[in-house]
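Me: I would like to go through a model and ask what lies behind the terms used for it.

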Amino acid sequence: MNKLQFLNQLRQLTASLPKDEAEKYVEYYSEMIDDAIEEGGTEEEAVASMGTPEEIKAYIKENSGGHSKTTEYPKTSQYVPQQNKSNKLPVWAIVVLICCFPIWLPICFALLSVYISLWAVVISLFAAFGSIIVVGIAASVSAFFCGSFPQLLAMLGAGLFCTGFGLVMIVAVSAFSKQFVRFTAFLVNSIIRLFRGY
Amino acid sequence: MDVQLKRGLLDVCVLAAIKNEDSYGYKIVKDVRPFMTISESTLYPILRRLESSDMLTVYSVEHNGRLRKYYRITQKGLDRIRSFRDEWSEILAVYSFVTREE
């Protein structure tokens, strides 16, 4: 194959690329061939040293994928801002929301107080079962000060039962409150996402 | 050799080939060839990549009635060589440790 044939074939291989890119390929290989000839060698040899058309085709394909990661150094920040903010509330909705605040603000406060009272319930449950545990321990200890053996047994039994019951309920309440916290976080995130869009 | 590693090494090799003086494609291939497998076709995308990362600039010079493209390293390219050097002195230290004889 001579230089002209090679370059024509190259033009065919790069036909699908943008014009200036295709032209750069031709310039590059043309120069390479000329330099190879200058260094000594025939035109045929120079063309052959460029590689087979299949190889060059593979290289072109590999490197022309829209200048993908094979041709670009990885940029430090690959973040591409979301083009379609489909999750975000449209502007008019936000404006309506702002105008209607006399309506939803009191509702928000009401909901907030319900939420706070729920936590109050949780706290009181903790306190209640905590005191049951304390009572249980106290009863178990004071059992040993009882006069008769049956009394001791009764007190000890009651005391231990209270302690155990209190502990179990504390565990249950803390598990529930953990879920409650998670649920709250989820709610807050969803609301934030409505406005941010992601 | 690992493909990614090879690619990174080739990039630095090409930069090193133009570090001390501007050079052109064919000569770069000749200079790098003793050290790494490189062909005219593998050099091309490397040059494009280095150019788009501003690690080298291109200009044309007339030579024997035709235009020949010369490549000149930029400061960013020199920085790349420096960080390669620093990175690899660390790797060499690890290598010495790994291959030490007891």
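Reply: Start with elements: helices (H or I, at least four residues) and strands (E, at least two) are DSSP runs, numbered from the N terminus. H7(A) is the helix that gives the most to the lining of the largest pocket, eight residues. This is a predicted model, where local features need pLDDT of at least 70, side-chain atom pairs count only at pLDDT 80 or more, and totals for chains, interfaces and linings use all residues. Side-chain values use heavy atoms, with hydrogens and water left out; residues are numbered from 1 along each chain as its sequence is written, and chains are lettered from A and ligands numbered from 1 in the order in which they are written.

Me: Why is the pair B:Arg66 and A:Asp34 called a salt bridge?

Reply: The term requires a side-chain nitrogen of Lys or Arg within 4 Å of a carboxyl oxygen of Asp or Glu. The closest N and O atoms of B:Arg66 and A:Asp34 are 3.9 Å apart, so the pair qualifies. Across the interface of chain B and chain A, the rule finds seven salt bridges.

Me: How do you know how much area chain B and chain A bury between them?

Reply: Buried area is the accessible area (1.4 Å probe) that two parts lose on being put together, summed over both. For chain B and chain A that comes to about 2,300 Å², with 48% of it on carbon and sulfur atoms.
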